[in-house]
Amino acid sequence: MAKPVRNPTEPLRTRHVFLDTEVYRRAAFNISNTPFALLAKQIEDGRVVLHTTDITLTEIHRQLKETAVAMAAEAKRLVRDFNRIAQLTGEDNVTVRDVDGSALGEKAWAGFVDVLVKRFRSHSVLALEVPARIVFDRYFDGRPPFDHRGSKEFPDAFIVEALARYCNSNEISMYVVSGDAALRKAAGEHDTLLPWRH
C-alpha cells in the first residue's frame, strides 16, 4: 500500500529530494524560474539535498533536444506564414535568423546541466546499474509501476529501485516528487521513499 502524499504544511521528514523528469518538463526545463530559485536557496542553506538519476538526465536531454527541434520547425513555419502575408503588403519579406534546433537543444542541455551541478549541487544516482532481474521480477509480478495492464514503465522502475538502494545504503529517506501516480505508487512500496505529488 502506498504511503500518503505529504501535506505541504508539515515539516520535511528528510532533506533529500528527487524530482521526476515530469517536474522539470512542467517547468519547461526552466530551472531558473521562481520555484527553482526558491529550491536553490533551500539547497544553498543546507535544508535540501537534490538527487537525480542517470536515467532522469538522459530523459531530460532527449526531451530538451526534441523541444528545441520542434520550436525551430515552428519558427520556420511562422516565418513562411509571415512572408505570405507580407507579399500582400508589398513590403520586403520578414527576416528571422534561422535556428538550428539540434544545436539549440544541445546548448540548452549544457546550460541545464551547468545549473543542476553548480547551483543545485545535485547528487547523481546510477539507475542504469540496477540489476534488470529486480525490475523484471516487479514487471512479471504486476507490482507498481507495472500494476496496470499494458504498463511499460521501465525507466521509472529502474529509477525507483536505484533511489531505494541509494537510501538503504546511506541510511536516509528521500522524497520522490512527481505528478506521475504510477511512479509515486512504486516509490510508496519502499520504506525509505516518500512519494510527494507535484
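Reader: I'd like to start with serine 178. Which backbone nitrogen lies 2.9 Å from a polar atom of its side chain?

Author: That is the backbone nitrogen of aspartate 180. Before we go on: this is a predicted model, where local features need pLDDT of at least 70 and side-chain atom pairs count only at pLDDT 80 or more, while totals for chains, interfaces and linings use all residues. Residues are numbered from 1 along each chain as its sequence is written, and side-chain values use heavy atoms, with hydrogens and water left out.

Reader: With which side chain does the side chain of serine 178 make a polar contact?

Author: A polar contact is a pair of N or O atoms within 3.5 Å; within protein, one must be able to donate a hydrogen and the other to accept it, and residues adjacent in sequence count only if both atoms are side-chain atoms. Here the partner is the side chain of aspartate 20, at 2.8 Å.

Reader: Is serine 178 buried or exposed?

Author: We call a residue buried under 20% relative accessible area, exposed over 50%, and partly exposed in between, using a 1.4 Å probe and protein chains only. Serine 178 has 0% relative accessibility, so it counts as buried. Setting aside neighbours within four places in sequence, its contacts (heavy atoms within 4.5 Å) include Asp20, Glu22, Trp196 and His198.

Reader: In which strand is serine 178 found?

Author: Strands (E, at least two residues) and helices (H or I, at least four) are DSSP runs, numbered from the N terminus. Serine 178 is found in strand S4.

Reader: In what order do the strands of the sheet stand?

Author: Two strands pair if DSSP finds at least two bridges between them. In this model, 5 strands form an open sheet with parallel pairing, in the order S3-S2-S1-S4-S5. Strands S3 (123-125) and S5 (193-197) each have a single partner strand, so one side of each is left without a neighbour in the sheet. Neighbouring strands are turned by 30 degrees against each other on average, direction ignored.

Reader: How many bridges join S4 to S5?

Author: There are 5, and the two strands run parallel. Within that pairing, valine 176 has proline 195 as its bridge partner in S5. S2 is joined to S1 by 3 bridges, and another 3 bridges join S2 to S3. You can find histidine 16 opposite valine 49 in S2, and threonine 52 opposite serine 124 in S3.

Reader: Which residues of S2 lie on each side of the strand?

Author: The general idea comes first. In a regular strand the side chains alternate between the two faces of the sheet. In S2, Val49, His51 and Thr53 are on one side, with Leu50 and Thr52 on the other, and all are buried.

Reader: Which helix lies across S2, and at about what angle?

Author: Helix H3 (residues 54-89) lies across S1, S2 and S3, running at about 75 degrees to S2. Such angles run from 0 to 180 degrees between N-to-C directions, with axes fitted to C-alpha atoms, for helices over the stretch in contact.

Reader: What about H2? Which of its residues are buried?

Author: An α-helix has 3.6 residues a turn, so residues three or four places apart point the same way. The buried residues of H2 are Phe36, Leu39, Ala40 and Ile43. Seen down the axis, they fall within an arc of 105 degrees (taken from the directions from the helix axis to the C-beta atoms), so they line one face of the helix. The face turned away from them carries exposed Thr34 and Leu38. The cover over the buried residues includes S1, helix H1 (21-26), S2 and H4.

Reader: Which residue caps the N-terminal end of H2?

Author: Asparagine 33 does, with a side-chain oxygen 3.1 Å from the backbone nitrogen of phenylalanine 36. Beyond the helix comes glycine 46, whose phi is positive, near 80 degrees.

Reader: How many aromatic pairs does the structure hold?

Author: Rings of Phe, Tyr and Trp (its six-membered ring) pair if their centres lie within 6.5 Å; planes under 30 degrees apart count as stacked, over 60 as edge-to-face and the rest as tilted. The structure holds 12 such pairs. One of them is tilted: phenylalanine 36 and phenylalanine 120, 6.1 Å centre to centre with 35 degrees between the planes. Phenylalanine 36 sits in H2 and phenylalanine 120 in the loop between H4 (101-119) and S3, 84 residues apart. Phenylalanine 120 is buried, at 0% relative accessible area.
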